Amino acid sequence: MLNNTLKQYQNASFTDYSKENLIDICSINICTNKPIQERLIDFLEQVKNPYLFKVGETKVKIRFNSENTFTNALETAIINSINF
């Protein structure tokens, strides 16, 4: 389920969303006292689409090359936090 949702988010384009429908990452609040896994979940729940959001009034689209997907980057972040 999560992979299908992430794939849909990844394939979204600027024209799929108006600025008003995007989450402004400046408004996201993450409790730094939580473990990294919970912080990542909090981020994903708040941002909705980790590939397409806004900063202020600017739309932002994140892309990864075929070898480094969002899922891989997320897994790396979790693994690195465990080893930290």
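Some ground rules. The model is predicted, so local features need pLDDT of at least 70 and side-chain atom pairs count only at pLDDT 80 or more, while totals for chains, interfaces and linings use all residues. Residues are numbered from 1 along each chain as its sequence is written, and side-chain values use heavy atoms, with hydrogens and water left out.

The layout, then. The chain has 3 helices and 2 strands, in the order α-α-β-β-α along the sequence. Helices here are DSSP runs of H or I of at least four residues, and strands are runs of E of at least two, numbered from the N terminus.

On burial, 19% of the 84 residues count as buried, meaning under 20% relative accessible area with a 1.4 Å probe, protein chains only; exposed is over 50%, and partly exposed lies in between. Among contacts with a separation of 6 or more, 63% join residues 24 or more positions apart; a contact means heavy atoms within 4.5 Å.

Now the strands. β1, residues 52-55, pairs with β2, residues 58-61, in the antiparallel sense over 4 bridges; pairing requires at least two DSSP bridges. Phe53 has Val60 in β2 as its bridge partner. The two strands form a hairpin with 2 residues between them, and Gly56 in that turn has a positive phi of about 65 degrees.

Last, Ser18. This residue sits in the loop between α1 (2-11) and α2 (36-47). Ser18 counts as partly exposed because its relative accessibility is 29%. Its C-alpha lies 8.9 Å from that of Lys59, 41 residues away in sequence.
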